[in-house]
Amino acid sequence: MDETISIVLFSGTDDKLTAAATLAAGAAALGRPVKIFLQYWALDAFRADRVTADHGLAPEAREAGKAAVDAAAKAGQAHWLETLRMAKELGDVDIQACSASMDILKIKHADLDPIVDGVEGVAAFYINAGEGQIIFI
Amino acid sequence: MDIKLKVDASGLSCPLPILKASQAIKTVGSGELIEVVATDPGSVKDFAAWAGSTGNALVESDSANGKYRFVLRHK
């Protein structure tokens, strides 16, 4: 199966970044090409100087959710960046920064973690997504 | 049964068991076997789907005491 899976990653909290990394890694394990398009707060989370910092959780996590997520991390659950690195080693995973978000947040390509492959606009994203599914997180 | 490589994915949650298996199976020759042990209950359906999709064969699948064992043949 070689249907491309495209993920628009907008949210910058660690739970949503982990969910996106899980979907990307699963698709890569199945041999599907994966495209990730980073916008807004997800893009901000990929800044090299704070990519592994605490990015918090979605508001619905509340205290009990945070305790559960912290316990999973302590038990050795892989960080989302590590999961993405493994997915890239394994398959065809391409991570692109949204050029408009770069402009708004005053981020340069050199500010981003090297796991980000490049910068593109929304037209390029759609063309590369082709007829494959697009997931928004 | 001649297992070329054993992968212990115990304690790892989705998607790490199938990621580790995908990495490991590339290191053995065509037709050779690897064994993966996982504790994630979701791995039972995941390995069946993974095998069906990638063309690698799920030769054996069993479970005991909260451990799930899979034998996979590289296509």
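Guide: Read along the sequence, chain B follows the pattern β-α-β-α-β-β, which amounts to two helices and four strands; helices (H or I, at least four residues) and strands (E, at least two) are DSSP runs, numbered from the N terminus. The model is a predicted one, in which local features need pLDDT of at least 70 and side-chain atom pairs count only at pLDDT 80 or more, while totals for chains, interfaces and linings use all residues. Residues are numbered from 1 along each chain as its sequence is written, and chains are lettered from A and ligands numbered from 1 in the order in which they are written.

As for overall shape, the C-alpha trace of chain B spans about 30 × 25 × 15 Å along its principal axes. The radius of gyration of chain B is 11 Å, close to the 11 Å that the globule rule gives for 75 residues, so the chain is as compact as a globular protein of that length; the radius is taken over C-alpha atoms, and the rule is 2.2 Å times the number of residues to the power 0.38. Of the contacts in chain B with a separation of 6 or more, 60% are between residues 24 or more positions apart, where two residues are in contact if their C-beta atoms, placed from the backbone, lie within 7 Å. Buried residues make up 29% of the 75 residues in the chain; a residue is buried if 20 or more other C-beta atoms lie within 10 Å of its own, exposed if 12 or fewer, and partly exposed in between.

The four strands form an open sheet in the order β1-β2-β4-β3 of chain B, with mixed pairing, and two strands are said to pair if DSSP finds at least two bridges between them. At its edges stand β1(B) and β3(B), the latter covering residues 57–64, and each of these pairs on one side only. From one strand to the next, the twist averages 15 degrees. Between β1(B) and β2(B) there are six bridges in the parallel sense, and B:Ile3 has B:Leu33 in β2(B) as its bridge partner.

Both helices lie across strands of this chain. Helix α1(B) lies across β1, β2 and β4 of chain B and runs at about 155 degrees to β1(B), whereas α2(B) lies across β2, β3 and β4 of chain B and runs at about 175 degrees to β3(B); axes are lines fitted to C-alpha atoms, for helices over the stretch in contact, and angles run from 0 to 180 degrees between N-to-C directions.

Helix α1(B) is largely enclosed by the rest of the structure, because eight of its ten residues are buried. Among those buried residues are B:Leu16, B:Pro17, B:Ile18 and B:Leu19, and also B:Lys20 and B:Ser22. The buried residues of α1(B) pack against α1 and α4 (80–90) of chain A, together with β1 (3–9), β2 (33–38), α2 and β4 (67–73) of chain B.

B:Ser43 counts as buried, with 27 C-beta neighbours inside 10 Å, whereas B:Ala48 is partly exposed, with 13 other C-beta atoms within 10 Å. Not counting residues up to four places away in sequence, B:Ser43 touches B:Pro17, B:Ala38 and B:Tyr68. The C-alpha atoms of B:Ser43 and B:Gly31, which are twelve residues apart along the chain, are separated by 22 Å. B:Ala48 and B:Leu58, ten residues apart in sequence, are 6.8 Å apart in space, C-alpha to C-alpha.

There remains the meeting with the partner chain, where twelve residues of chain B are in contact with twelve residues of chain A. On the side of chain B that touches chain A, the elements giving two or more residues are α1 (16–25) and α2 (43–54) of chain B, and α1(B) gives the most, with five residues. By class, that side of chain B has six nonpolar, six polar and no charged residues, where Ala, Val, Leu, Ile, Met, Phe, Trp, Tyr, Cys and Pro count as nonpolar, Asp, Glu, Lys and Arg as charged, and the others, Gly among them, as polar.
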